[in-house]
Amino acid sequence: NAIHYAAKMIDTFYSLKAPDIGKTTYNVGMIEGGTSVNTIAQEASMLFEYRSDSRACLEKMKAMFESIVAAYRSMGIEVEVVLLGGRPRMGDVDAARQQALEERIAAATRAEAELTPSFHSDSTDCNIPFSLGIPAVCTGVYRGAGAPTREEYIELSSLPAGFRMMLSFLLSYLT
């Protein structure tokens, strides 16, 4: 039963301990398979992803993933792997320029939204400029919670302060 083996493989993926290098996550976000309740599933599929802000960790995660796939193949289980995409990783970003950018956005956030932002790595549109060595920040202009789940919400009343914060940040480049 393909679903049985897919479930075992998912369990094996979740037994992984990600290398303690940078911020690393992994997830099986979708599984599919079978045709009816009383039919042995001939095939099953899953979407498995891993990501990290560390190139070294990504290489280790890739090796662990490939070793699990190889182990299932060695048991005679047909496993097909299709790479759907790869996110770029951190390039050689000038630390002083990155810090200056973060200080500028922090000043605008404190002044207009009365909040002090924290800066950390995450999976955002900043991955592209970072991969090219360009300083970048990704910030919200609203208050809310629950991202990225179906329970995500935005406090609409926070938008005016958020828009003022972003405008203040952009205008700071004119002075």
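Predicted model: local features only at pLDDT ≥ 70, side-chain atom pairs only at ≥ 80, totals over all residues.
Residues are numbered from 1 along each chain as its sequence is written, and side-chain values use heavy atoms, leaving out hydrogens and water.

**Helix 5**
- A161, G162, M165 and F169 of helix 5 are buried (under 20% relative accessible area, 1.4 Å probe, protein chains only).
- They cover an arc of only 100° around the axis, which puts them on the same side of helix 5; the arc is that of the directions from the helix axis to the C-beta atoms.

**F65**
- F65 is located in helix 2 and counts as buried because its relative accessibility is 16%.
- Beyond its neighbours within four places in sequence, F65 is in contact with F13, F48, Y50 and V81 (heavy atoms within 4.5 Å).
- Y50 is 15 residues from F65 along the chain, and their C-alpha atoms are separated by 9.2 Å.

**L84 and the surface**
- L84 lies in the loop between helix 2 (55-74) and helix 3 (95-113).
- L84 counts as exposed because its relative accessibility is 69%, the cut-off being over 50%.

Methods:
Helix = DSSP H or I, 4+ residues; strand = E, 2+ residues; numbered from the N terminus.
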